[in-house]
Amino acid sequence: MKYALYLGCAIPIKYPGFEAATRLVCERLNVELVDLPFSCCPPPTSMKLVHYDSWLALAARNLCLAEEQGLDLLTLCSGCVNTLKEANHILKNSDSKRRRVNKFLEGHNHRFKGTIEVTHILDVLYQDTVVEKLLHEKVRDIPLRVGCHYGCHYFRPPKVMYPGELSDAESHVPVKMDHLLSIIGVEPTEYSRKFLCCGSPLGANMDQDAGYSITRQKLEYIHERNIQALSVVCPSCFEQFDMGQIVLARKTKEKRRIPTFYLTQLVGLALGLSPKDVGLDVHRIKPKKLLSGIDVA
Amino acid sequence: MTIKIWKFFQREQLFECYQCARCTGSCPAMEVAPALGPRETILICLNQGHDRVVEDEKLWLCCTCNVCEDRCPQEIPICDLLVALRNSAARRGNIPIRLGMAIELLAKTGRSMIVHQLDEMRAHHGLAPLPPAPVDEVRDILKKTGLDEVIEI
C-alpha cells in the first residue's frame, strides 16, 4: 500500500509532532509514504472564497504531482482533503474546467488527467488490511472516554466527500474515527453538536472572539458528558481546542482542561510508541496526568 | 474586474427557497456573530439584488462549514452561491484584512503558514528539515490565473 503523502502547511510547520506520529504509525502498519514537492492545497476557507480559479489551479497542480507518480494522494488535514477531493471531482467531471486549468499549468509541464483518488489518513487506517495489522501489532489499550471531532471539511459536502456512503437524507454522518478508536480500547463518547464547526475558520478570517465562542459552546457539551480527551483529524480543529481552551480560560476562569490528540498520536500510543515519540510533549494542554492514570508514560 | 455570479450558481435556484430558515437555524456563525446567514442572503439576492450582499462585510462572517447546504430541504447549492458572492466581493475590495494577509502570504511563500525556527522544531520530533516550497512555480500559476485582480502579488 503506497501513497503520495500530502502534508499541507499547518502540520509540518506548526504541528510536526503529528507528522512524526503519522510516519511512525504508517511504517508499523505497512503503509508506504512518498514525499513530493507539493505547495499549499489551498484552503477551502481562504483561497476558494477569494479567487476560485487560483484555488482550482493550485489544487490541480498538487493533484498532477501525485498523478505523475501514479499514486493516490493521502492527506492529513480536513481542509486539504476537502480542497483536493473537491478539485479532483470537479476536474474529472468538467471538460471545460479541466481545459481551462490545464492552460494555466502547461508552462510547467503538468496536465491534469484524472487518474488518481484523494484520501484521508482516517480512511486509510480504516481499511480492512490496516485494521488487521493494527489488531496484530497493538501492545496496549487506551481506556479513555474520548470525544471525536471530525472537522466539517472532512465530510461536507457529503455528495462530494462520501458519495458512496450517503444516508437516506443524502447526508453523511462519519463514524470511522469512533470505530477505529474502539479497536484500541478507547470508549468513544457521543456529545451534542459533535458534527458542528470548531470555530476555527470564523476566527482565522474575521473575528477570533466569535470563533472561540463557538469552541466554548462545543466544550460545554463535551464537559457535560465527562469526556476525558478529544480526538481530531485536522490541525486547525486541534489548535482551536488546544490553544482555544487556554485563551478561553482567561475569560471564563474555567478550570477543567481537556487534552486533544491527533488521531495517529492515539494509534501510536496503542502501538507502544512513547508520548514523546508521537509529539505529545509540545501540546499546550498536557495529557501527561491523564496518560499516567492509564499507565502510559 | 467583476465576475459573473450566475455562472457559478444558477439564478433560478433562488426561487426554490421558501425561507424555512433551517440553514440559518443550523448556522454556527449566526449564533455568535451578526452574520447575514444563508436565509437572509438568499432573500436579499431575490428582493434587492446580489450587489447589496456583495457590498456588505457581514457576508464574510461564515465558518464555511457547509451545514446550511447539507440541511437545505430544497437542495439549493447554497455554498456555491456563497463562494461566488465572496469572489465577487473580493474583486470589489470587500475582503477581511486577515484573509487578505493570508492570501498574500500564500502567494509569496507557497504555503499558508509562517515558517519560524522550523528546523529546530522538526528536529525535536526527529524529522528532517522541510524542503523549500515551489514558490516560483506557484507564483507564476497565480499570475496566470489572475489573482492580482484581487490582491497584488
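How many residues of domain 1 of chain A are in contact with residues of domain 2 of chain A? The model is predicted; local features require pLDDT of at least 70, side-chain atom pairs count only at pLDDT 80 or more, and totals for chains, interfaces and linings use all residues. Residues are numbered from 1 along each chain as its sequence is written, chains are lettered from A and ligands numbered from 1 in the order in which they are written, and side-chain values use heavy atoms, with hydrogens and water left out.

Chain A is assigned domain 1 (2-121) and domain 2 (139-292). These bounds come from an automatic or database domain assignment. The C-alpha centres of the two domains lie 23 Å apart. In answer to the opening question, 27 residues of domain 1 are in contact with 27 residues of domain 2. Contact means heavy atoms within 4.5 Å.

The size of an interface is often given as the accessible area lost when the parts come together. Between domain 1 and domain 2 of chain A, about 2300 Å² is buried. Carbon and sulfur atoms give 68% of this area. Buried area is the accessible area (1.4 Å probe) that two parts lose on being put together, summed over both.

One salt bridge crosses the interface of the two domains. A salt bridge is a side-chain nitrogen of Lys or Arg within 4 Å of a carboxyl oxygen of Asp or Glu. The side chains of A:Glu239 and A:Lys14 form a salt bridge, at 3.0 Å from N to O. On the side of domain 1 that touches domain 2, the elements giving two or more residues are α1 (10-13), α2 (16-28) and α5 (78-93) of chain A. Helices (H or I, at least four residues) and strands (E, at least two) are DSSP runs, numbered from the N terminus. The largest share of that side, eight residues, comes from α2(A).

Backbone geometry was also examined. A cis peptide bond joins A:Cys41 and A:Pro42, with omega of about -10 degrees. A:Pro42 sits in the loop between β2 (32-35) and α3 (47-50) of chain A. Another cis peptide bond links A:Arg156 and A:Pro157; omega is about -5 degrees. A:Pro157 lies in the loop between α9 (152-155) and α10 (158-161) of chain A.

A:Asn109 is not a glycine, yet has a positive phi of about 60 degrees. Its loop runs between α6 (95-105) and β4 (118-120) of chain A.
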